[in-house]
Amino acid sequence: MEDEEPPVLTAVSSSARQLYLLLRCIAFSNKAHVQISDLGLKLAVDEASAMEASAFLDKSLFTTYTFNAPAQSQNPPHPDSDDDLDPPSATTPTFQISLPALLETLQIFGLTDPSTSKPPWARDAPYPTSTTFTGNNILGGMNNLCRIIYDIPGAPLSVTLTEASIRTQCDLTTYEAEYTDEIPFDRQALALKVIMRGSWLHDAVQELSSTTPEKLTMYAKTVRGKPFFALSSSGTLGSARVEFNNQPRPSAYRTPASTNLADPPAQPPTNLLETFQLSDPDTVLRSSYKFSLIQRAARAMSVATKVSIRADTQGVLSLQFMIEVEGGGSSGGGGKISFVDFRFVPLVEEDDDEDEAGDDVDETIMRHGSGSDEASEDDDML
Amino acid sequence: MVILNFTLTPVAASKVHDLLVCLGKFSDTVAIEARREKFTFTALNSSKSAYAAITLDGNQFFTHYECVPSHGGPDGRFTCSMYTKALLSVFKGRLYDPLGRDGAIDRCDVSVQERENETQCRFIVKMVCNQGVIKTYKLTYEAVDVMHALFDRSVAKNRWSMHSGAIREYIEYFGTKTEMLDIFAGEDGRCVFKSYTEKISNGKEILKHPLVTAVAVNTSDFEEFVVQTGMHIIINVKDFKAIVVHADTLKTSLKAFHSQPTRPLQFSYGSEGLICEFTLMTAGDYSAAPPTPAPQAMNSRQASRTPSTTTADRKDSRSFRPNMPPPVQPASRRDGSGRLRNPGSRQASSAGQAQPSRKESDSLFVPEDEDEDDAWAPVDHDREETLGWDASASHDAAAFPTFTDSGSGSRTNTADSNEVFEPTQRVSQIKGLW
């Protein structure tokens with residue numbers, strides 16, 4: 001009785017918006033690969049094999065998550081399973097769906113939801129603009145119940161959304177997976193690892209975008225034991241560089257700010273770069289990426305609480321964003337943490353250019369490296 | 001090699017943002033002139049009818065200011081021009097945030113890199129944010145010569161001043177699509193700000209709808225109001241709005257100086273080391289104005305020309321003074337005076353050249369009439385070019401070192417060869433000829 005077999009996946013989420021917010025971070029491509037495993041759903045998109053992004057919907061995001069590996073298990077085990085997860089124990093059904101269609105579905109009731117259209121800082125406001133029609137938050141996420149069912153391999157992905165007495169069911173056509181190889185990222189041979197606030201990175205990328213650059217160059221080095229991390233770009237009107245120096249400054253500036261209680265309390269004068277690891281502290285790490293691709297991650301940067309920036313020895317860049325989606329009410333204890341991953345293939349530097357431009361930039365980097373407070377000292381060192 | 005370094009506080013940096021927003025309403029590019037003791041942003045609009053200069057005092061506005069121009073001694077200057085947009089992307093809003101949130105800065109360091117041993121010339125802005133983030137921008141700039149419109153306040157007998165906040169309220173009433181602003185000093189102790197658009201139709205097609213909004217203000221509401229009664233003075237309403245909005249960010253009084261219609265008007269305001277001066281061309285009904293020789297030269301020209309469709313009614317409604325039309329000098333004779341004429345003689349020649357006949361599009365400047373050779377020659381830094389504009393309207397008032405058209409050869413030739421040079425042609429149109 002094949003028909004009686006339970007569906008491959010039954011997942012119920014109490015908040016479609018959570019899923020929406022996560023998936024929106026990778027919404028730059030038409031087709032997304034969906035991979036279903038014991039641990040959750042992974043949606044991945046890629047662009048021209050030069051970048052890829054994936055969002056992992058952990059099963060803890062769902063109130064119910066039932067995965068039954070397809071019985072006949074025709075699918076060969078995929079060698080390209082996500083490195084961040086344990087190797088899936090069972091076969092993992094993989095297919096493609098239209099990501100815009102899925103997002104459209106998830107927000108089918110969300111159009112009136114004020115919180116999705118608001119910037120992150122406004123979302124936590126208790127009930128500023130809620131009306132009868134927008135009271136999702138008040139009801140603790142009981143509305144917008146989202147049920148995702150994947151019946152058998154090849155069947156459409158059925159997404160059912162329920163709000164109050166309205167029920168919408170969407171069957172999204174699934175396509176044959178056409179997996180290209182993942183961008184290889186060697187986490188055993190890391191050249192750099194930086195963890196910082198996502199908003200800092202977002203701010204920096206926004207800043208650089210004003211020069212309408214082609215590429216973004218990343219620098220990292222250690223100056224007398226102090227970490228230094230910079231992003232730089234240049235366009236027709238000039239160049240811009242954003243530097244991150246780990247210099248806790250108990251300067252006059254923090255004092256007035258700390259008196260303000262409205263400021264997030266999680267802002268003591270901690271280090272800007274929470275983690276900074278450079279495999280070879282004696283050299284300047286420098287690698288370039290296509291700016292337009294990096295900008296695809298801007299939305300993830302803006303909502304992420306933290307970002308882990310890693311580069312392996314080949315220059316492949318991995319941005320891992322830790323995103324706290326506010327609990328849908330059903331799960332106590334505040335927000336749940338989810339991860340969205342981006343990977344970028346570096347641009348190959350042309351040697352000729354590098355000699356001139358590279359030296360120049362490096363020199364200025366060194367000169368301004370550790371902030372002007374110690375500029376003179378710095379010069380002496382050099 | 002020029003040395004130009006200065007440091008701004010967050011408050012000052014946000015003022016720079018405000019002034020750039022204002023200058024951006026006049027021109028796409030903003031020119032910078034740095035002297036030993038002051039730093040000036042200037043902007044000139046494309047029709048050259050409005051000129052803005054915002055001067056920052058070296059000691060007062062900056063926490064640190066150092067400028068050593070490469071040549072010129074104590075009067076030397078460093079000048080360049082940049083895209084307003086590029087500067088605005090550096091001097092963003094919210095640079096100053098008392099709460100110290102993201103985007104706020106600690107201080108702003110600016111320097112100019114122009115050295116012989118370096119391949120790049122850059123205008124370097126370094127924003128030092130809290131928590132150790134440093135944003136460095138290196139902007140390209142264009143070396144240009146900066147010109148100034150001169151304005152002689154001693155002959156600007158009419159003046160008024162009012163707090164910008166009050167005027168800010170008045171400009172809210174002006175229609176968004178209106179073009180001109182008529183400032184009229186009535187006899188009943190009122191001043192009327194009237195924004196209007198004249199109806200323009202092309203056959204049956206109405207191109208512009210007439211729209212008039214008048215705001216009458218008691219002259220007692222002004223801090224100072226010394227204007228000849230019955231005088232109309234007409235400026236561009238957009239310019240006025242831009243000025244008022246910026247003046248309001250400084251919460252200061254806006255002062256206006258003008259002599260008579262068709263002569264320049266200057267708005268001036270400032271606070272804490274920041275001085276803003278906007279010199280605008282005016283139009284207006286000047287029947288009540290005292291007779292002066294200079295405008296008449298232009299009047300006669302206008303009376304004799306064929307009125308164009310767009311400006312016809314306005315011109316006709318004016319009562320020109322028909323007396324004493326001086327003969328138009330042939331270009332060959334004018335040419336003899338050559339460069340470095342005194343400003344008075346420029347008046348006649350500019351009228352004779354027949355180009356600024358339409359008052360609304362009157363240029364602030366007599367256009368640069370450089371010879372072809374001159375245009376390609378390297379800039380001569382010893383000879384400081386200052387395009388002047390004689391507000392006094394009297395021929396012998398050469399009190400300031402204005403010097404205008406360095407050689408009017410090519411222009412006059414063009415005018416000659418065309419025989420009848422349409423007087424209604426705008427400066428911008430003429431430009432395309434060479």
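User: Which residues does N158(B) touch, not counting residues up to four places away in sequence?
Analyst: Contact means heavy atoms within 4.5 Å. With residues up to four places away in sequence left out, N158(B) touches V226(B), V227(B), Q228(B), M231(B), A256(B), F257(B), H258(B) and S259(B).

User: In which strand is N158(B) found?
Analyst: This is a predicted model, where local features need pLDDT of at least 70, side-chain atom pairs count only at pLDDT 80 or more, and totals for chains, interfaces and linings use all residues. Residues are numbered from 1 along each chain as its sequence is written, chains are lettered from A and ligands numbered from 1 in the order written, and side-chain values use heavy atoms, without hydrogens and water. Strands are DSSP runs of E, at least two residues, and helices are runs of H or I, at least four, numbered from the N terminus. Residues 158-163 of chain B, which include N158(B), form strand β10.

User: Is N158(B) buried or exposed?
Analyst: Buried means under 20% relative accessible area, exposed over 50%, partly exposed in between (1.4 Å probe, protein chains only). Because its relative accessibility is 6%, N158(B) counts as buried.

User: How many residues of helix α1 of chain A are buried?
Analyst: Helix α1 of chain A covers residues 16-24. Among its buried residues are A16(A), Y20(A) and R24(A). The helix is mostly covered, the buried count being nine of nine.

User: How many disulfides are there over all chains?
Analyst: A disulfide is a pair of cysteine sulfur atoms within 2.5 Å. By this rule the count over all chains is zero.

User: How far from C108(B) is the nearest cysteine sulfur?
Analyst: C108(B) is in no disulfide. The nearest cysteine sulfur belongs to C129(B), at 9.9 Å.
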